[in-house]
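Thanks for asking me to look this one over. Below are my notes as numbered points, with the cut-offs spelled out as each term comes up.

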Amino acid sequence: MGDSNDLVPLTRRGIPIARMRHVYRVDEVGRKLDRLAPKEHETLRSTYERMIEKGSERFQVKPSGLPVMDHLYDDLPNFTEVLDDVKRQLALCEDSRDALEITPLLLLGPPGVGKTYFARELSVLLGTGMGFISMSSMTAGWVLSGASSQWKGARPGKVFETLVDGQYANPVMVVDEIDKAGGEHAYDPLGALYSLLEHDTAGHFTDEFAEVAIDASQVIWVATANDARGIPEPILNRMNVYEVQAPNRDAARHIAAKLYRSIRADHDWGSHFEPEPRADVLDRMSEMAPREMRRAWMTAFGNAKLDHREHLESRDLPDHGPRKGAIGFMQ
């Protein structure tokens, strides 16, 4: 497993170039397939056959130049510290043949401040694809690492699926609400992360279902959480931890106004409304978390339309509870 010398140019916003990287050994998969008893383990057999059919090479994307990130600073003013750190790490591999390497990120903050949105936008910026794991909806401890094929209904884990079924060797892997992975499970749901977050051991990660070594060393990890107290210390020690504050009043007004213009431009009916929202409406919007804003604007547009108005008023917005306060940065 590792790099191929074939460079494949990719041009999305002029950011990425790519070489091919082997993420598993096809010959090893073939040997596993040959050893399966006939008419047994059909799901496992199908998995091996899919791996052989798809081949082991995936794009390994890296920047060809420092990507334009102004739009992210504009959209996510409360993520400036995180964006600055990502930019520094991108700059290190800009003029080299080194692979793109970003230290795992842990974004801490109250619900609705844009943590998951940031992770999705990072994957778009890098052009590497994305895998998503919601720890709050997990029903077993093997979602990351797969479960043994001896178990009924077993299947591969999310890391395996993202690398085998995707196009990229270095996707952004989002572990959402990592603090919700409690101890009620029969298996530690975060156990696989101890090796996956370490570059050396991640290069030979073995999914418990397929039992084939996968190169997960290039995965870009982004975890989100509301509270660090539910996260084991060894996980915290392997990640750059950021406390994301809720945007201040001016930043929230800016986010809301930009979202208003975006919604208006994306819909044919948007031309019937004023190009900019009114100040009193923005004041009300600035009291909401960013996650709530799109829904609030859509409600307001609908109410204004029913009232045959071309402008939105604060009474068009839905009622909402008090916005959670900002939290401080970790020392």
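1. A word on burial before anything else: buried means under 20% relative accessible area, exposed means over 50%, and partly exposed lies in between (1.4 Å probe, protein chains only). Please keep in mind that this is a predicted model, in which local features need pLDDT of at least 70 and side-chain atom pairs count only at pLDDT 80 or more, while totals for chains, interfaces and linings use all residues. Residues are numbered from 1 along each chain as its sequence is written, and side-chain values use heavy atoms, with hydrogens and water left out.

2. Let me start with the charged pairs. A salt bridge here is a side-chain nitrogen of Lys or Arg within 4 Å of a carboxyl oxygen of Asp or Glu. Searching the whole structure gives 19 salt bridges. I picked out three for comment, below.

3. Asp 85 pairs with Arg 88 in a salt bridge whose closest N and O atoms are 3.6 Å apart. Both residues sit in helix H4 (residues 80-92), three residues apart, about one turn of the helix. Helices (H or I, at least four residues) and strands (E, at least two) are DSSP runs, numbered from the N terminus. How do the two partners stand in terms of accessibility, buried or exposed? Asp 85 is buried because its relative accessible area is 13%, whereas Arg 88 counts as exposed at 52%.

4. Glu 198 forms a salt bridge with Arg 238, and here the closest N and O atoms are 3.3 Å apart. This pair links distant parts of the chain, 40 residues apart. Glu 198 is in the loop between helix H7 (193-196) and helix H8 (199-202), and Arg 238 is in the loop between helix H9 (233-236) and strand E10 (240-243). Both ends are partly exposed: Glu 198 has a relative accessible area of 35%, and Arg 238 has one of 23%.

5. Salt bridges that share partners tie Asp 307, Arg 309, Glu 313, Arg 315 and Asp 316 into one network. Asp 307 is partly exposed, at 36% relative accessibility, and Arg 315 is exposed, at 56%.

6. On to helix packing. Two packed helices are described by the angle between their axes and the distance between the axes. The axes are lines fitted to C-alpha atoms, for helices over the stretch in contact, and angles run from 0 to 180 degrees between N-to-C directions. The axes of helix H1 (residues 26-35) and helix H2 (residues 42-54) come within 9 Å and cross at roughly 150°. That crossing angle makes H1 roughly antiparallel to H2 (angles over 145 degrees count as roughly antiparallel, under 35 as roughly parallel, 65 to 115 as roughly perpendicular and the rest as oblique).

7. Which residues of H1 and H2 meet? From H1 come Val 26, Val 29, Gly 30, Lys 32 and Leu 33, and from H2 come Arg 45, Tyr 48, Glu 49, Met 51 and Ile 52; contact means heavy atoms within 4.5 Å. By class, this contact of H1 with H2 has six nonpolar, one polar and three charged residues. In that count, Ala, Val, Leu, Ile, Met, Phe, Trp, Tyr, Cys and Pro are nonpolar, Asp, Glu, Lys and Arg are charged, and the others, Gly among them, are polar.

8. H2 also packs against H6, at an angle of about 35° and with the axes 10 Å apart. Thr 47, Arg 50, Met 51 and Lys 54 in H2 meet Phe 160, Val 164 and Asp 165 in H6. The classes in this contact are three nonpolar, one polar and three charged residues.

9. Why is helix H6 (residues 158-165) described as largely enclosed by the rest of the structure? Because six of its eight residues are buried: Val 159, Phe 160, Glu 161, Thr 162, Leu 163 and Val 164. Val 159 has a relative accessible area of 0%. Leaving aside its neighbours within four places in sequence, Val 159 is in contact with Leu 144, Met 173, Leu 196, Phe 205, Ala 216 and Trp 221.

10. Finally, two backbone angles to look at. Glu 211, in the loop between strand E7 (205-206) and strand E8 (213-214), has a phi near 55°, a positive value in a residue other than glycine. His 308 is not a glycine either, yet has a positive phi of about 60°. His 308 lies in the segment after helix H12 (290-306) and is exposed, with a relative accessible area of 75%.
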